[in-house]
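This report is meant for someone opening the structure for the opening look, with the sequence and the model side by side. Please keep both in view while reading.

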Amino acid sequence: MHRATPSASSASSSASHRSRRRQHLTREQLLKSLQILGPVSAPLPPELPPSPPASRESSPAPGHKRRHDSELDHGRTKKARVAPTPSSSRPRSNTQPHLSSTTATASSSSRHDAAEDGEVKEESYAGSSSAPPAFSFMPVRRPRRGDNVTTIEWDAVYEKCFNKARMLRFSALSRVAAAHPSTSKDYKPLRNPPNPSSSYAKDSLLMARLELIDSLLHFVYGLWCKDFSHNLCFRAAWRTVADFLHPTRKKLIAESHDEREKAFIGLLFMVDSYIHGRKLKYQAGAIDKENDSKITRLHIQWKAEKNQARAVAASQNTTSGSTPNMLPSPASSNSANSSNSTPIGGHGTPGHNPAMEIAPQPEANHGATAPERTMTALPPHLHIPVTTQYIVDRKSQSNGLVFASHYMQTAQQHLNLPVMARHFPRTLARMMFSTLGPLDEHEPDFQDDDCELFWPPQAITGEGLGWVCLMGMAMVKEFGKEYGYQGIDGVVPKQGNEDVTGFPEPRFHPHTR
């Protein structure tokens, strides 16, 4: 039998002693042993730069600039950014703040955080992170028609516009009458009601409003064609538009809800402003000539008064010519302002009046390139008779200016370029990417849905009403596409001489006053 050596016996006894010690350690003893070690920090990452030499212990870390103490104090008082980092994208070494400062600085400089003091959070367009959807459509460039369109062709466009406008008006008012309660006296059911599942049945009042706007735009564009073909402004015709425009606008104000629908309220205010601007511009030439005629008469009257004053002075000088003028005394001659001296003027001539030497007003030039004239001051005591029509024309002009300004101020609150970009991007693109100019108002075909348009010029020029109508028609089609609006193809048909009351349709009158 093999005997154990002393070394083997001692090793076995040592092992048995250690095993007995492990068995006797309690959980509390193990926890106390771990507390002695203290918190264990995470291992340094492999990309950490080597430590600087001992001589540069106080130098800043590479890539960082030393900041002034005032900047450090400012940084402590500055509000911290609150934009959290998603947990899935956080670095694993986020327990070491001094190691992730470079990454945090780079991310904060590359992306502007909105939570900082004095900053406003940026709003991105829905469904797009780069550019608004206004430029996703490019208009079609049609061949230019030029100035070769005859008056007969413009009259044909006028007739086509008015025929469509009448059909749209009848359809809109018929839908409004059918929407009344059956117990109302204004209720009138449709002869052929639309399919209950169609938008014309579900949103009948919305379709009626679109048809009213479409009808008004066709009426106005037809009258503009008459004006353009004759290079005139038939003021009597434009006065008939108000009876249709104002109740339509009142209906939109009462029934429109969101910003997109209220844009059409701004459109109708813009139409009204441009109508007044057109009447003002074409009336201004005639009124300016009448004013020049009256001013010329005032100058003639003023000149006659001056001639009469000179004649009276001359007669007085002749009567007193035998009496010699007294010489000034030596004492008074030393003073230029002496009251005893003889007048320096002519012998017996009245004192000089600068107002009497003003030349008459020259003949006015009413051309487009005429320089601005300076009005000559006239004595306030001059009077000339005027007719009643003279007063009425000037009252009409001042009223037109007041209304044009008021309507345009209201229009721009509801219809402007930001609203167009948000709700009518296709129409805006047709104007933004256009090669047409303000004088090409006659170029587009009002039935063309893809051609170029132009943002209307200033109403004070008297032009631009055609552009407003073309823009409005494009807006109606773009808005109505979402609801299945079909325009003239979806109207309620008219039977014979059937008509509806309310909203009198505009009429053409060939009178310019």
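The model is a predicted one, in which local features need pLDDT of at least 70 and side-chain atom pairs count only at pLDDT 80 or more, while totals for chains, interfaces and linings use all residues. Residues are numbered from 1 along each chain as its sequence is written, and side-chain values use heavy atoms, with hydrogens and water left out.

## Overall make-up

The protein chain holds 15 helices and zero strands, where helices (H or I, at least four residues) and strands (E, at least two) are DSSP runs numbered from the N terminus. Of its 513 residues, 31% count as buried; buried stands for under 20% relative accessible area, exposed for over 50%, and partly exposed for what lies in between, with a 1.4 Å probe and protein chains only. Among contacts (heavy atoms within 4.5 Å) with a separation of 6 or more, 79% come from residues 24 or more positions apart.

## Helix α9 and its two partners

Helix α9 (residues 242-255) and helix α10 (residues 259-319) have axes that come within 9 Å and cross at roughly 155°; axes are lines fitted to C-alpha atoms, for helices over the stretch in contact, and angles run from 0 to 180 degrees between N-to-C directions. The two helices are therefore roughly antiparallel to each other, given that angles under 35 degrees count as roughly parallel, over 145 as roughly antiparallel, 65 to 115 as roughly perpendicular and the rest as oblique. The crossing of α9 past α10 is left-handed, a term for a near helix turned anticlockwise from the far one by less than a right angle, with clockwise giving a right-handed crossing. On the α9 side the contact is made by L245, H246, T248, R249, L252, I253 and E255, and on the α10 side by E261, F264, I265, L268, F269, V271 and D272. Sorted by class, this contact has eight nonpolar, two polar and four charged residues, with Ala, Val, Leu, Ile, Met, Phe, Trp, Tyr, Cys and Pro counted as nonpolar, Asp, Glu, Lys and Arg as charged, and the others, Gly among them, as polar.

The axes of α7 and α9 come within 11 Å and cross at roughly 150°, which makes α7 roughly antiparallel to α9. This crossing, too, is left-handed. In the contact, R209, L212, I213, S215, L216 and F219 of α7 meet F244, L245, T248, K251, L252 and E255 of α9, and these residues divide into seven nonpolar, two polar and three charged.

## Salt bridges

Side chains of opposite charge can pair when their charged atoms come close. How many salt bridges does a search of the whole structure find? The search finds 20 salt bridges, each being a side-chain nitrogen of Lys or Arg within 4 Å of a carboxyl oxygen of Asp or Glu.

| Pair | N to O distance |
|---|---|
| D499 and R169 | 3.4 Å |
| E211 and R175 | 3.1 Å |
| R426 and D450 | 2.5 Å |

The pair of D499, in the segment after α15, and R169, in helix α5 (residues 151-178), links distant parts of the chain, 330 residues apart. D499 counts as partly exposed at 46% relative accessibility, whereas R169 is buried, with a relative accessible area of 5%.

E211 in helix α7 and R175 in helix α5 likewise link distant parts of the chain, 36 residues apart, and both E211 and R175 are buried.

R426 lies in helix α14 (residues 425-432) and D450 in the loop between α14 and α15, so this pair ties together parts that are 24 residues apart in sequence. R426 is partly exposed, with a relative accessible area of 31%, and D450 counts as partly exposed at 27% relative accessibility.

Beyond these pairs, R209, K251, E255 and E261 are linked in a network of salt bridges.

## Two positive phi angles

Most residues other than glycine have a negative phi. N231, a residue other than glycine, has a positive phi near 55°; N231 is found in the loop between α7 (204-230) and α8 (235-239) and counts as exposed at 57% relative accessibility. F503 also is not a glycine and has a positive phi of about 55°. F503 has its place in the segment after α15 (465-481) and counts as buried, at 17% relative accessibility.
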